[in-house]
Amino acid sequence: QYSQALVHKLEEKNAELAQANQALKRSNEDLQQFAYIASHDLQTPLRNISGFVQLLQSNYAEALDAQANDWIRRTVQSAEQMHTLIRDVLAYSRVDSQALAFQPTSFREVFTDAVAQLETPIRDAGGRVICDELPTVMGDRPQLVQLLQNLIGNGLKYHGREPPHVHVSARLDGSEWIFSVRDNGIGIAPKHHERIFEIFRRLHNQQEYPGTGIGLAVCRRVVQRHGGRIWVTSEAGHGSVFYFTIPEKTVDPP
C-alpha cells in the first residue's frame, strides 16, 4: 500500500511538472511573438521620426542656428540607437523561435561567412582576422555564424592603440571542442567576467563604444542551445580570450 501511494504521488507530481512545462512553453512562445510584433511595430514610427527631422534640417538649414542643428543631430542619433536596440532584441528573441535543426557544419565556412559580414569594420579598423584549422560540428549554421560574428566584432570594436588582431582556433578536449577567439583589445577586468554575458549589460558608455549590451547575451544563448559553455579570460589592458564549447557529437535539442 505504501509503494502504491508513493507511485501515485509520483505520477501526480509528474503530471504537475508536465503541465507546468507546457505553461512555460506557451509563455515563452507568447513572449517571442510579442518581441517580434513589438519590434516590427516600433520600426515605422522610428523611421518617420528620423526621416522628418532630417527633412527639417535639409529644407530649413539656413534658417536654423547651431543649437537647433545640434538638437536635430542628437535626435537622429537617438533614433538610430533605438533602431539598433530593437534589431538586437529581435535577434535575441529569435535564438529559439527561428532555430534550425542541427546539421554537419564546417566551422571554417562559418568563420569565412562571419568575416565576410565584418568586411567593412575590419577594413575601417585596419584589422586582421585569422584562424587555425577548424572542425566540422553538428549545429545551426546561421546561429554559429552569428556567434562568431559577435565575438570577432567585439575584438574589432574594443581595440586599443594598436590595430585589432583576432585569432580563432579550436582544440578537441575529450568529448567536446573548445573554441577560442583571442584579441589584442582593451581587455576586461576579472570582476566583470560573468556580468558581460547578461542582457543589456554594458561596461562603457555610448560615446566611448556604441552598442546595446545584447551581443554577448545572444552568444550565450546560442552556445547553450548547442549544449556548450562560454566564458572569458582577460585583464584590463591586456586583451581577451573568449572560449566556448560544442560537444563533439551534439544532439539536436527538442
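**Figure 1. Where helix α5 meets helix α6.** In this predicted model, Gln 143, Gln 146, Leu 147, Asn 150, Leu 151 and Asn 154 of α5 touch Gly 215, Leu 216, Val 218, Cys 219, Val 222, Val 223 and Arg 225 of α6; contact here means heavy atoms within 4.5 Å. Sorted by type, the residues of this contact are seven nonpolar, five polar and one charged. For this sorting, Ala, Val, Leu, Ile, Met, Phe, Trp, Tyr, Cys and Pro count as nonpolar, Asp, Glu, Lys and Arg as charged, and the others, Gly among them, as polar. Two packed helices are described by the angle between their axes and the distance between the axes. For α5 and α6 (residues 215–225), the angle is about 140 degrees and the axes are 9 Å apart. Axes are lines fitted to C-alpha atoms, for helices over the stretch in contact, and angles run from 0 to 180 degrees between N-to-C directions. The crossing of α5 and α6 is left-handed, a term for a near helix turned anticlockwise from the far one by less than a right angle, with clockwise giving right-handed.

**Figure 2. The buried residues of α6, and what follows the helix.** Leu 216, Ala 217, Val 218, Cys 219, Val 222, Val 223 and Arg 225 are the buried residues of α6. Buried means under 20% relative accessible area, exposed over 50%, and partly exposed in between (1.4 Å probe, protein chains only). Just after α6 comes Gly 227, with a positive phi of about 80 degrees.

**Figure 3. One face of helix α3.** Look along α3 (residues 107–117) and you can pick out its buried residues: Phe 107, Val 110, Phe 111, Ala 114 and Val 115. They line one face of the helix, because they fall within an arc of 130 degrees when seen down the axis of α3. The arc is that of the directions from the helix axis to the C-beta atoms.

**Figure 4. Helix α3 packed against helix α5.** Here α3 and α5 (residues 141–157) pack at an angle of about 55 degrees, and their axes are 8 Å apart. The two helices are therefore oblique to each other; angles under 35 degrees count as roughly parallel, over 145 as roughly antiparallel, 65 to 115 as roughly perpendicular and the rest as oblique. The crossing of α3 and α5 is right-handed. On the α3 side, the contact includes Phe 107, Glu 109 and Asp 113, while Arg 141, Leu 144 and Ile 152 are among its α5 residues. The residues of this contact divide into nine nonpolar, two polar and three charged.

**Figure 5. Ser 50 in helix α1.** Ser 50 sits in α1 (residues 2–59) and counts as buried, with 13% relative accessibility. Setting aside neighbours within four places in sequence, Ser 50 is in contact with Val 76 and Ala 79. Glu 80 is 30 residues from Ser 50 along the chain, with 7.9 Å between their C-alpha atoms.

**Figure 6. Gly 237 in a loop.** Find Gly 237 in the loop between β6 (230–234) and β7 (240–247). Gly 237 is exposed, at 55% relative accessible area. Apart from neighbours within four places in sequence, its contacts are Gly 185, Ile 186 and Gly 187.

**Figure 7. The whole chain.** The chain has six helices and seven strands; helices (H or I, at least four residues) and strands (E, at least two) are DSSP runs, numbered from the N terminus. Buried residues make up 35% of the 254 residues.

**Notes.** Residues are numbered from 1 along each chain as its sequence is written, and side-chain values use heavy atoms, leaving out hydrogens and water. In this predicted model, local features need pLDDT of at least 70 and side-chain atom pairs count only at pLDDT 80 or more, while totals for chains, interfaces and linings use all residues.
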